[in-house]
Amino acid sequence: MPEACDMKVHVTHHDQDVLITVRGELDYEDAESMETAWQAADRAGLPTTTVDLSQVTFADSMLLNALLEARRRHSATDRDFVLLGPLQPPVSRLLALSGTLEHFTIRDADAS
C-alpha cells in the first residue's frame, strides 16, 4: 500500500525494494516531501531504493541535493540507490551540468 508524501512524491514497498515515484515540477517547496520519502526508505531498510524520475518535468538544486543525500545515506548502510528513467531533459541536464551524473546508477524503465 502506498504511503503518499504528497501529490508529487509517493512511496511504495515491494519485496526487496522501496519505490519512490516523483512527478511534476520540483523545487525547494518539495524538500520536506523528499525528506519524508527518504525517511520511509530508511525505516523500511530494504536492500534497494529506486527513485522513478521519469515524470519529473522540472528540477533544481533541491532535487540534486536530495538525491545526493539519499545516495550518501544508502551507501552508508550498504543499500543500493537507483534512479529510474528515462530521465526528462531538465533532470538529465541538472545531473550533467552539476557533474554528478556518473555518481548514480540509472536504469531505464523501458529496458527489459
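Modeller: Here it is, and please keep in mind that this is a predicted model. Let us begin with Glu102, which sits in the loop between α3 (89–97) and β6.

Colleague: Is Glu102 buried or exposed?

Modeller: Glu102 is exposed, because its relative accessible area is 61%, and the cut-off for calling a residue exposed is over 50%.

Colleague: And how far is Glu102 from Ala76?

Modeller: The two are 26 residues apart along the chain, and their C-alpha atoms are separated by 18 Å.

Colleague: Let's step back. How many helices and strands are there in the chain?

Modeller: The chain has three helices and six strands, and if you read along the sequence they come in the pattern β-β-β-α-β-α-β-α-β. The radius of gyration is 13 Å, close to the 13 Å that the globule rule gives for 112 residues, so the chain is as compact as a globular protein of that length.

Colleague: What does the C-alpha trace span along its principal axes?

Modeller: The C-alpha trace spans about 35 × 30 × 25 Å along those axes. Of the 112 residues in the chain, 42% are buried, and among contacts with a separation of 6 or more, 68% are between residues 24 or more positions apart.

Colleague: New topic: which elements supply at least two residues each to the lining of the largest pocket?

Modeller: Those are α2 (61–76), β5 (80–85) and β6 (105–108). The largest pocket holds about 150 Å³ of space, and its lining residues include Arg71, His74, Asp80, Phe81, His103 and Arg107.

Colleague: How many of the lining residues are nonpolar, polar and charged?

Modeller: By class, the lining of the largest pocket has three nonpolar, four polar and four charged residues.

Colleague: Now the backbone. Which residues does a cis peptide bond join?

Modeller: A cis peptide bond joins Gly85 and Pro86, with omega at about 20°, and Pro86 has its place in the loop between β5 and α3.

Colleague: And what is phi of Asp78?

Modeller: Phi of Asp78 is near 55°, which is a positive value in a residue other than glycine. Asp78 lies in the loop between α2 and β5, and this residue counts as exposed because its relative accessible area is 73%, where exposed requires over 50%.

Methods: Residues numbered from 1 in each chain as written. Predicted model: local features only at pLDDT ≥ 70, side-chain atom pairs only at ≥ 80, totals over all residues. Heavy atoms only, no water. 1 Å grid on protein atoms, 1.4 Å probe; cavity = no way out; pocket = protein on both sides within 12 Å on 5 of 7 lines; lining within 4 Å. Points joined across faces, edges and corners; volume = space filled by probe spheres on them. Helix = DSSP H or I, 4+ residues; strand = E, 2+ residues; numbered from the N terminus. Nonpolar A, V, L, I, M, F, W, Y, C, P; charged D, E, K, R; others polar. Rg over C-alpha atoms; globule rule 2.2 N^0.38 Å. Buried < 20%, exposed > 50% of the residue type's maximum accessible area, 1.4 Å probe, protein only. Contact = heavy atoms within 4.5 Å.
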